[in-house]
Amino acid sequence: MADRTILVTGGAGFVGSEFVRRAVAAGTRVVTLDALTYAGDRSTLAAIEDSDTHSFVHGSIGDRALVSKLLDDHRPQAIVNFAAESHVDRSIDGPGTFVETNINGVFELLEAARTYMDGGAPANFRFLQVSTDEVYGSVAEGRSHEASPLAPNSPYAASKASADHLVRAYYRTYSLPTLVTRASNNYGPYQFPEKLIPLMILNAVARKPLPVYGDGMQVREWVHVSDHCAAIDTVLSGGELGEIYNIGGGGGAANIDIVRRLCAIVDDLRPDTTTRETLITHVTDRPGHDRRYALDTSKIRDGLGWQPAIGFDEGLAKTVRWYLENERWWRRIQDGSYRGERLGLAALASG
Ligand SMILES: NC(=O)c1ccc[n+]([C@@H]2O[C@H](COP(=O)([O-])OP(=O)(O)OC[C@H]3O[C@@H](n4cnc5c(N)ncnc54)[C@H](O)[C@@H]3O)[C@@H](O)[C@H]2O)c1
């Protein structure tokens, strides 16, 4: 482990930063490349900022020359790509950046990886693309397995599916040693407050309306971000090249049920005269909103021995507590000052 170097792209985001923190703590040398879009926040990496086995580079996966230089300079055994535009609502409002980052960006990253491989990358080199269950589209019944057809319904899901196809083609055509993981919805610390679980926690705490799309009966599976990252590590070290691995927590819950559970936890931790459930407000459903995602995860469970360690009830309660205890982190995001802080850092660096 100590001799391992990996390039983690998108490592200042929600899932990527968890992966980076875990990897550095486990003794891996990590180079984080992140474009610091609105969703990237270097404070997610504050715990390892002073580590001499971690370095941060501000830049884009779409910058092939920069990625090639990082590969040549650091000679990593793996690239783990988390970099993406990731919010479905934003992809409906402005799909262009999703095509740019999630398709063109991945193409540039794959090209840099191919050049690196052809130029003598370490023999055990791997390219792991972090993907999503949303590429399968809505499943009325049963579960999506890795060979299920892709039927993405949002620009976000379509851009991620496109990237999966590119990765597959680079394995088949150029023998790039690729792996793809497709995870269900993640939750846990440092999730950007526009996503369902943190949004509902923070609105419930502030006694603001809890906007639920349509009837709230959209069913999702949830996996704790630390279980997701452990699964990625398992696939990276034991996955079969060219293969895809679904990652999910099992079970499934309707969005409205999640919101009610969160209300109950917040009521318990911050008692008030009326329950936060009274704040639930049904709003017009998102266009193309998938009704149900459900993953068959037997391939990673039976084949690689991974299973989630954190049960949903336990994980949800822990997550609510984390947001209550880390108000400073999410206040900076809510009031936008985290971007100003970043500008301050950049000004210092160039000054
Ligand atoms: N969060 C989930 O529930 C979930 C579930 C399954 C899969 N995924 C996948 O995991 C990955 C990470 O998701 P997340 O929730 O952490 O997203 P996020 O939006 O929190 O983080 C994305 C990160 O990528 C960075 N980034 C964006 N464009 C970039 C570029 N061109 N070059 C370099 N960095 C760039 C951002 O600055 C940010 O730090 C995504 O690929 C997503 O599709 C997420």
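Reader: Leaving aside its neighbours within four places in sequence, which residues is Gly 242 in contact with?
Author: Gly 242 touches Tyr 171 and Thr 178, once neighbours within four places in sequence are left out. Keep in mind that this is a predicted model.

Reader: OK, and where is Gly 242 found?
Author: Gly 242 sits in the loop between helix H7 (225–238) and strand S11 (244–247).

Reader: Why does Gly 242 count as partly exposed?
Author: Gly 242 has 16 C-beta neighbours inside 10 Å, so it counts as partly exposed. To be buried, a residue needs 20 or more, and to be exposed, 12 or fewer.

Reader: How far apart are Gly 242 and Asp 335 in space?
Author: They are 43 Å apart, C-alpha to C-alpha. In sequence, Gly 242 and Asp 335 are 93 residues apart.

Reader: Switching to the ligand. How many residues surround it?
Author: 30 residues surround the ligand, and the closest are Gly 10, Gly 13, Ala 39, Gly 40 and Ala 84.

Reader: Which helices and strands supply at least two residues of that shell?
Author: Helix H1 (14–25) and helix H4 (96–118) do, along with strand S2 (29–34), strand S5 (126–132) and strand S7 (185–187).

Reader: And which gives the most?
Author: That's H1, with 3 residues of the shell around the ligand.

Reader: What's the shell like by class: nonpolar, polar, charged?
Author: There are 14 nonpolar residues and 14 polar ones around the ligand, plus 2 charged.

Reader: Now helix H8. How many residues does it have, and what does it reach from its first C-alpha to its last?
Author: H8 covers residues 255–269, which is 15 residues, and reaches 21 Å. That is close to the 21 Å expected at 1.5 Å a residue.

Reader: Which H8 residues are buried?
Author: The buried residues in H8 are Asn 255, Ile 258, Val 259, Arg 260, Leu 262, Cys 263, Ile 265 and Val 266.

Reader: What covers them?
Author: The cover includes helix H6 (196–206) and helix H10 (312–325). Strands are in it too, among them S8 (210–213), S12 (253–254) and S13 (280–283).

Reader: Zooming out, how many helices and strands are in the protein chain?
Author: The protein chain has 12 helices and 13 strands. Its radius of gyration is 20 Å, close to the 20 Å that the globule rule gives for 351 residues, so the chain is as compact as a globular protein of that length.

Reader: What share of the residues is buried?
Author: Buried residues make up 44% of the 351 in the protein chain.

Definitions and conventions: Residues are numbered from 1 along each chain as its sequence is written. This is a predicted model: local features need pLDDT of at least 70, side-chain atom pairs count only at pLDDT 80 or more; totals for chains, interfaces and linings use all residues. A residue is near a molecule or strand if its C-beta atom, placed from the backbone, lies within 6 Å of it. Helices (H or I, at least four residues) and strands (E, at least two) are DSSP runs, numbered from the N terminus. Ala, Val, Leu, Ile, Met, Phe, Trp, Tyr, Cys and Pro count as nonpolar, Asp, Glu, Lys and Arg as charged, and the others, Gly among them, as polar. The expected span of a helix is 1.5 Å times one less than its number of residues. Two residues are in contact if their C-beta atoms, placed from the backbone, lie within 7 Å. The radius of gyration is taken over C-alpha atoms; the globule rule is 2.2 Å times the number of residues to the power 0.38.
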